[in-house]
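User: Hi! Could you walk me through this one while I have it open?
Analyst: Happy to, let's take a look.

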Amino acid sequence: MMGDDLVLDVRDLRMRYGTNDVLKGVNFHACRGEVLALLGPNGAGKTTTIEILEGFRMRSAGEVSVLGVDPAHADEAWRARLGVVLQSWRDHGKWRVRDLLAHIGSFYEPYQKPWDTDELVEAVGLTEHARKRVMSLSGGQRRRLDVAVGIVGRPDLLFLDEPTVGFDPAARREFHDLVHRLSDDEDTTILLTTHDLAEAEKLADRILILAGGRVIADGSADQLSLQMSTESEVKWTLHGQRYVHATTEATKFVHDLFKQHGDDIGDLEVRRGSLEDTYMAMVVAFESGQAEREFVEVTR
Ligand SMILES: Nc1ncnc2c1ncn2[C@@H]1O[C@H](COP(=O)(O)OP(=O)(O)OP(=O)(O)O)[C@@H](O)[C@H]1O
């Protein structure tokens, strides 16, 4: 791995609030252009981790490098290379959408060229609302504006905290396209948290699951699914009758099925276990103590 490509490097990160050890030795890395989804139950420490990486919160121990710099000692030029979309903020209600984005974009000019405002407004699907005051936007439109504010400075690294809460299906799809465009065309590295596992599966190159203060899984959705031997569902018809069977060895099962019944098999469907199945299996295994003994780490 080229040193330059390493955007995030987190080693043995620990965080204690009072006597509560929330992070107990978190390790992960991210390379340029990668999209990572940080998953985990409520209270697992996702926001805490992201706030430490953003330089908003001091860690208790461990080594953290973000764009080659320790966020605890970073300057304005470093901050200008980050984009942050927090869960929600309610300021600037009287500003008009386009004016607000042009204004915020101007802060980045000493460091790097911000997005062209009209292009940005279009990229987040707010062209029709560009002249509206922020306070008159709907919840989903407001969230699109949050995303625009997060990316206006063309960040090298973008943090998205539950970015699509309140989006309708069309807005969600547009947002997914935008994330792909940022990672593919602009080489932006993206770390997102979400409780929407279908979204994580669609967007992320790599999934991290945080539980019990540690990363209990690190790999692509496929790798994690293999790791947990999640069951696939095989459906078929035979002599007009519909059958369903759950198996961890779908390929072998389908092979045997054809060997036995040949052309009589119809309407074959194989549905691989979803990330949600894998996630639930991992978190349940972890909570029942197995994962403590069998630490799961899959790297690309
Ligand atoms: N400022 C704080 N002071 C004390 N404890 C805190 C503070 N912030 C967070 N915590 C505690 O740390 C733990 C992790 O919180 P965090 O918000 O990082 O979790 P999360 O994974 O983002 O949760 P969610 O999915 O609910 O957003 C929780 O038990 C929380 O109560």
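Analyst: Helix H1 (residues 46-54) is mostly covered, with 7 of its 9 residues buried. Helices here are DSSP runs of H or I with at least four residues, strands are E runs of at least two, and both are numbered from the N terminus. Buried means that 20 or more other C-beta atoms, placed from the backbone, lie within 10 Å of the residue's own.

User: Before we go on, what kind of model is it?
Analyst: This is a predicted model, where local features need pLDDT of at least 70 and side-chain atom pairs count only at pLDDT 80 or more, while totals for chains, interfaces and linings use all residues. Residues are numbered from 1 along each chain as its sequence is written.

User: Thanks. Which residues of H1 are buried?
Analyst: Lys46, Thr49, Ile50, Glu51, Ile52, Leu53 and Glu54. Just after H1, Gly55 has a positive phi of about 85°.

User: And what surrounds the ligand?
Analyst: Tyr17, Val22, Gly40, Asn42, Gly43, Ala44, Gly45, Lys46, Thr47 and Thr48, counting residues whose C-beta atom, placed from the backbone, lies within 6 Å of it. H1 supplies the largest share of that shell, 3 residues.

User: How does the shell divide into nonpolar, polar and charged?
Analyst: There are 3 nonpolar, 6 polar and 1 charged. Ala, Val, Leu, Ile, Met, Phe, Trp, Tyr, Cys and Pro count as nonpolar, Asp, Glu, Lys and Arg as charged, and the others, Gly among them, as polar.

User: Switching topic: in what sense do S1 and S2 pair?
Analyst: Strand S1 (residues 6-17) and strand S2 (residues 20-31) are antiparallel, with 9 bridges; pairing takes at least two DSSP bridges. Asp9 has His29 in S2 as its bridge partner. The hairpin has 2 residues between the strands, and Gly18 takes a positive phi near 60° there.

User: Nice. What about the largest nonpolar core, which residues touch the most other members?
Analyst: Ala37, Ala148, Ile207, Leu208 and Ile209, out of 64 residues in that core. Such a core is a set of buried Ala, Val, Leu, Ile, Met, Phe, Trp, Tyr and Cys residues joined through C-beta atoms within 7 Å.

User: What is Ile207 in contact with?
Analyst: Leaving aside neighbours within four places in sequence, Ile207 contacts Ala37, Leu39, Ala200, Ala217, Gly219, Ser220, Ala221, Leu224 and Leu275. Contact means C-beta atoms, placed from the backbone, within 7 Å.

User: Last one: how many helices and strands are in the chain?
Analyst: The chain has 11 helices and 12 strands, and 35% of its 300 residues count as buried.

How values were computed
Buried ≥ 20, exposed ≤ 12 C-beta atoms within 10 Å, placed from the backbone. Contact = placed C-beta atoms within 7 Å.
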